[in-house]
Amino acid sequence: MNAEQVVSRDRTAVDVSLLIVRVVVGVIFALHGSQKMFGAFGGPGLAAMGQMMGVLGYLVSIGEFFGGLGLIFGFLSRFSAASLIVIMFGAIGMVHGKNGFFLGTGPESTLATAGYEYCLALIGLLAPTLIAGPGRFAIGRCLFPKSARTGRPIIVLE
């Protein structure tokens with residue numbers, strides 16, 4: 001096996017890994033966002049989010065839902081990952097940070113009493129997409145203009 005074949009096989013493994021990470025975290029955020037946007041799965045819905053958090057509730061709801069869809073399909077993936085990381089840091093700062101690290105268990109545990117470990121795990125899942133881009137298996141790679149120098153999509157739009 002020559003060096004070119006090894007690099008090609010390794011690149012395919014990286015692209016598949018990025019796809020898996022993108023889809024998993026994208027589904028998590030799209031479903032969580034659908035709770036906030038549409039009241040799906042027992043969620044509060046957009047009106048209740050607006051009442052609870054004001055304008056920020058609308059932004060978080062829209063960001064989670066559409067950011068999740070962007071990750072699933074590989075459309076504006078870096079922007080979606082960056083936005084969701086900001087939302088997760090906001091969740092840590094505003095809700096979960098004061099509760100310590102661990103999520104908590106038992107009948108008295110609620111989302112309001114959960115620690116920040118889950119938010120941190122989601123940030124860890126989002127970081128590869130932010131750093132490396134969506135990989136080869138992404139719709140955005142077909143839709144956006146390519147750099148004349150590298151032939152790859154422009155990083156900001158990737």
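I started at leucine 76, which lies in the loop between helix H3 (55-73) and helix H4 (77-96). The model I am reading is a predicted one.

I looked up the backbone of leucine 76 and found phi near 50 degrees, a positive value in a residue other than glycine.

Next I went to phenylalanine 41. I located phenylalanine 41 in the loop between H1 and helix H2 (46-53). Here too I noted a positive phi in a residue other than glycine, near 55 degrees for phenylalanine 41. The relative accessible area of phenylalanine 41 is 61%, so I logged this residue as exposed.

My last stop was lysine 36. I placed lysine 36 in helix H1 (residues 3-38). Is lysine 36 buried or exposed? I read 13% relative accessibility, and therefore wrote lysine 36 down as buried; the cut-off for buried is under 20%.

What does lysine 36 touch, not counting residues up to four places away in sequence? I listed Pro44, Gly45, Leu46, Met49, Val60, Ser61 and Glu64. For one of these, glutamate 64, I also recorded a polar contact of 3.0 Å between its side chain and that of lysine 36.

How values were computed. Residues are numbered from 1 along each chain as its sequence is written. This is a predicted model: local features need pLDDT of at least 70, side-chain atom pairs count only at pLDDT 80 or more; totals for chains, interfaces and linings use all residues. Side-chain values use heavy atoms; hydrogens and water are left out. Helices (H or I, at least four residues) and strands (E, at least two) are DSSP runs, numbered from the N terminus. Buried means under 20% relative accessible area, exposed over 50%, partly exposed in between (1.4 Å probe, protein chains only). A polar contact is a pair of N or O atoms within 3.5 Å; within protein, one must be able to donate a hydrogen and the other to accept it, and residues adjacent in sequence count only if both atoms are side-chain atoms. Contact means heavy atoms within 4.5 Å.
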